[in-house]
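I opened my notebook for this one and wrote down what I looked up, entry by entry. Here are the notes, for anyone who wants to follow along.

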Amino acid sequence: NASGGMNLSLIDENVIIYHASTAPAQVWKFVRQDNGSYHIINQKNGKLLDVYWAKDESGTNVQVYEDNDSIAHKWFIYQSGNKYVFRPACSETRVLNVAGNSMAPETNVEIHELTGAEGQRFDIQILDHYVNLNRPLDLGTDFYAKINASGGMNLSLIDENVIIYPD
C-alpha cells in the first residue's frame, strides 16, 4: 500500500498504483526465500513482481512475470520508520518506486535510486482472512474430514439438506 490510499495493482502485466481494494490484482502473496528475499506473487495471475530484464538502472519498469528463478523477482524488504522499502536482488542501490513520487491512480511503478522519498516507502497490510476464488486449493485426491463452520458449528446432511448444528 503506497501512501494516499493507493495499492500496487496490475494493468495487464504492468505494475501501477490504484485506489485501494482487495481485488486479486491488488493482493500479493509473500513467500520467503532461503536468502532472506521474498517472491511477491500477484493473486490475479500468479506471476511474480519483477524488474524488467533485471536491469539495474533507475527508471526500469516493474512488471509481473512467470517464475524463472531470476534475481529480477527476488525482493529484500527493509523497515523505514513505520513503512517498508523493497529492494530487488538485481540491485544494491535501487528500490521500488512510484514514478515521479506521484499518488495519482495508474501511476507507473519502477525501480529508482534510493532517496527516501515517500514514493519509495510502502505499507504492508496483512490480510488474515483473504480468500482468492480464482485459485482453488489442492487438498489432494482422497481424504475424510469434518467441515467446521466458524463458532464451533458443523455442516451436516439431514434429509438431503445441508444444515449447520452445534459441535
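Predicted model: local features only at pLDDT ≥ 70, side-chain atom pairs only at ≥ 80, totals over all residues.

**Entry: salt bridges.** By this rule I get ten salt bridges. I looked up Glu-118 and found it paired with Lys-83, the closest N and O atoms being 3.3 Å apart. Glu-118 sits in the loop between β10 and β11 while Lys-83 belongs to strand β8 (residues 83-88), so this pair ties together parts that are 35 residues apart in sequence. Lys-83 is buried, at 11% relative accessible area, and Glu-118 is partly exposed at 31%. I then noted that Lys-83, Glu-118, Arg-121 and Asp-123 are linked in a network of salt bridges.

**Entry: two further pairs.** Lys-47 bridges to Glu-66, with 3.9 Å between the closest N and O atoms. Lys-47 is in the loop between β4 (38-42) and β5, and Glu-66 is in the loop between β6 and β7, so parts 19 residues apart in sequence are tied together. Lys-47 is buried at 16%, and Glu-66 is partly exposed at 48%. For Asp-69 and Lys-74 the closest N and O atoms are 3.4 Å apart; Asp-69 counts as exposed at 57%, Lys-74 as buried at 15%.

Entry: I checked how β1 (residues 6-11) and β2 (residues 14-19) pair: they are antiparallel, over six bridges. Ser-9 has Ile-16 of β2 as its bridge partner. Two residues lie between the strands, and Asp-12 takes a positive phi near 55 degrees.

**Entry: the core.** Which residues have the most contacts inside the largest nonpolar core? I found Leu-8, Val-15, Trp-28, Val-62, Trp-75 and Leu-96, in a core of 20 residues. β1, β2, β5 (48-51), β6 (62-65), β9 (94-98) and β10 each supply at least two residues of this core, and β1 gives the most, with three. Leaving aside neighbours within four places in sequence, Leu-8 has contacts that include Val-15, Trp-28, Leu-96, Val-109 and Phe-122.

**Entry: the surface.** Phe-30, Ile-124 and Ile-126 form a nonpolar patch with about 270 Å² of accessible area together. Ile-124 lies in the loop between β10 (109-113) and β11 (148-149) and is partly exposed at 32%. Last, I looked at Gln-79 in strand β7 (residues 75-80), which is exposed at 59%. The C-alpha atoms of Gln-79 and Arg-121 are separated by 8.9 Å, though these residues are 42 apart along the chain.

Methods:
Residues numbered from 1 in each chain as written. Heavy atoms only, no water. Pairing = 2+ DSSP bridges. Helix = DSSP H or I, 4+ residues; strand = E, 2+ residues; numbered from the N terminus. Patch = residues over 30% accessible without salt bridge, like charges linked within 9 Å, V, L, I, M, F, W, Y side chains within 5 Å. Areas by Shrake-Rupley, 256 points an atom, 1.4 Å probe, with all protein chains shown as cover. Salt bridge = Lys/Arg side-chain N within 4 Å of Asp/Glu carboxyl O. Buried < 20%, exposed > 50% of the residue type's maximum accessible area, 1.4 Å probe, protein only. Core = buried A, V, L, I, M, F, W, Y, C linked by side-chain atoms within 4.5 Å. Contact = heavy atoms within 4.5 Å.
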